Amino acid sequence: MSASVENPPDCLMWMDALTAKFDGKGSFGREEWDALLGHCQAVSDWPAVAFAPELIAAYPEAKVILTTRDVDSWHKSVVKTVNWRANDPELKWVSNLDWGSGLYYPMLRKFWTCFFHDDFLNRGKEVYRDYTSQVRAIVPPERLLEYRVSSGWEPLCKFLGHKVPDTPFPRSNDTDAFVDRCRKRNLNQMMNVAFRALVVGVPVIAAALSASVAMTRYVPEYGRQLIGTAVA
């Protein structure tokens with residue numbers, strides 16, 4: 001999710017992947033995944049979550065971390081975060097004016113409506129259960145870690161073969177922080193739109209005023225010259 005926001009053109013490739021999977025238009029295989037994710041060491045969150053089988057097949061050597069939690073608390077949290085964002089009228093409005101949002105918002109809507117059958121409120125829990133069952137079924141046990149974020153560093157680092165860091169485990173992606181980031185992003189994009197309008201609009205207005213002054217000053221004089229010529 002962060003990469004698609006930080007590099008909006010990635011949204012075009014994510015949209016190609018979503019269209020290939022859910023609409024059957026085009027293809028998206030290892031070559032395309034390498035072009036989109038080849039520079040990454042790991043991928044998480046959405047829209048990548050919609051492609052668990054495809055990514056697991058494309059990268060059979062990769063380890064898989066399946067984060068789990070109580071489905072009811074998960075659903076309640078997502079209603080207030082990603083579901084809110086996917087239906088944010090402010091983001092929809094900005095997407096008509098800002099190029100970055102214009103790439104990101106359609107991809108987000110495509111993911112949200114396809115992955116959750118256009119009914120997250122009623123079918124979100126079903127999709128969650130089906131997804132976790134699917135991942136468990138297709139990933140060999142030695143490559144799969146079922147992980148709860150509340151467990152902290154230890155099981156995660158053991159699975160990945162890294163030492164436990166001295167720094168505290170990060171806990172910054174709560175509901176309030178998510179909504180706050182999204183609203184700040186909306187505001188920044190609105191300011192970008194206003195700035196571009198100012199940069200483009202002021203020279204256009206100045207040019208129009210200059211043309212108006214020129215017409216007012218020189219056209220009457222030119223007209224008098226034409227009249228004098230006709231009389232002569």
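Tutor: Helices (H or I, at least four residues) and strands (E, at least two) are DSSP runs, numbered from the N terminus. His 75, for instance, has its place in helix H5. The model is predicted, so local features need pLDDT of at least 70 and side-chain atom pairs count only at pLDDT 80 or more, while totals for chains, interfaces and linings use all residues. Residues are numbered from 1 along each chain as its sequence is written, and side-chain values use heavy atoms, with hydrogens and water left out.

Student: What does the secondary structure of the protein chain come to?

Tutor: Eleven helices and two strands. From the N terminus on, the order of elements is α-α-α-α-β-α-α-α-α-α-β-α-α.

Student: Why is His 75 called buried?

Tutor: Buried means under 20% relative accessible area, exposed over 50%, and partly exposed in between (1.4 Å probe, protein chains only). His 75 has 10% relative accessibility, and therefore counts as buried. Across the protein chain, buried residues make up 33% of the 232 residues.

Student: Which residues does His 75 touch, not counting residues up to four places away in sequence?

Tutor: Contact means heavy atoms within 4.5 Å. On that basis His 75 touches Phe 120, Leu 121, Gly 124 and Lys 125.

Student: What makes H5 and H9 oblique to each other?

Tutor: Axes are lines fitted to C-alpha atoms, for helices over the stretch in contact, and angles run from 0 to 180 degrees between N-to-C directions. Angles under 35 degrees count as roughly parallel, over 145 as roughly antiparallel, 65 to 115 as roughly perpendicular and the rest as oblique. H5 and H9 pack at an angle of about 135°, with their axes 10 Å apart. The pair is therefore oblique. On the H5 side the contact is made by Val 71, Asp 72, Trp 74, His 75, Val 78 and Val 79, and on the H9 side by Phe 120, Leu 121, Gly 124, Lys 125, Tyr 128 and Arg 129.

Student: Which residues in H9 are buried, and what covers them?

Tutor: Phe 120, Gly 124, Val 127, Tyr 128, Thr 132 and Val 135 are buried in H9. Their cover includes H4, E1, H5, H6, H8 and E2.

Student: Why are H2 and H3 described as roughly antiparallel?

Tutor: Their packing angle is about 155°, with the axes 10 Å apart. H2 and H3 are therefore roughly antiparallel to each other. From H2, Asp 10, Met 13, Trp 14 and Ala 17 make the contact; from H3, Glu 32, Trp 33, Ala 35, Leu 36 and Leu 37 do.

Student: How do you know that Ala 20 is buried?

Tutor: Ala 20 lies in helix H2. Its relative accessible area is 16%, so Ala 20 is buried. Leaving aside neighbours within four places in sequence, Ala 20 is in contact with Lys 25, Gly 26, Ser 27 and Phe 28.

Student: What makes a set of residues a nonpolar core, and how many residues has the largest one?

Tutor: A nonpolar core is a set of buried Ala, Val, Leu, Ile, Met, Phe, Trp, Tyr and Cys residues joined through side-chain atoms within 4.5 Å. The largest has 36 residues, and those with the most contacts inside it are Trp 14, Trp 33, Phe 51, Phe 111, Trp 112 and Phe 116. Its largest share, seven residues, comes from H8. Phe 116 is in contact with Trp 74, Phe 111, Arg 123, Gly 124 and Val 127, leaving aside its neighbours within four places in sequence. Another core, of seven residues, lies apart from the largest one, and Ala 52, Ile 56, Val 139 and Leu 144 are among its members.

Student: How many bridges join E1 to E2, and why do the two strands count as paired?

Tutor: Two strands pair if DSSP finds at least two bridges between them. Four bridges join E1 to strand E2 (residues 144–147), and the two run parallel. Val 64 stands opposite Leu 144 in E2. In E1 (residues 64–67), Val 64 and Leu 66 form the covered face, whereas Ile 65 and Thr 67 form the uncovered one.

Student: Why does Leu 156 count as buried?

Tutor: Leu 156 lies in helix H10 (residues 153–160). Its relative accessibility is 16%, and so Leu 156 counts as buried. Not counting residues up to four places away in sequence, Leu 156 touches Ile 65, Leu 145, Tyr 147 and Phe 169. Leu 156 and Leu 145 are eleven residues apart along the chain, and their C-alpha atoms are separated by 8.0 Å.
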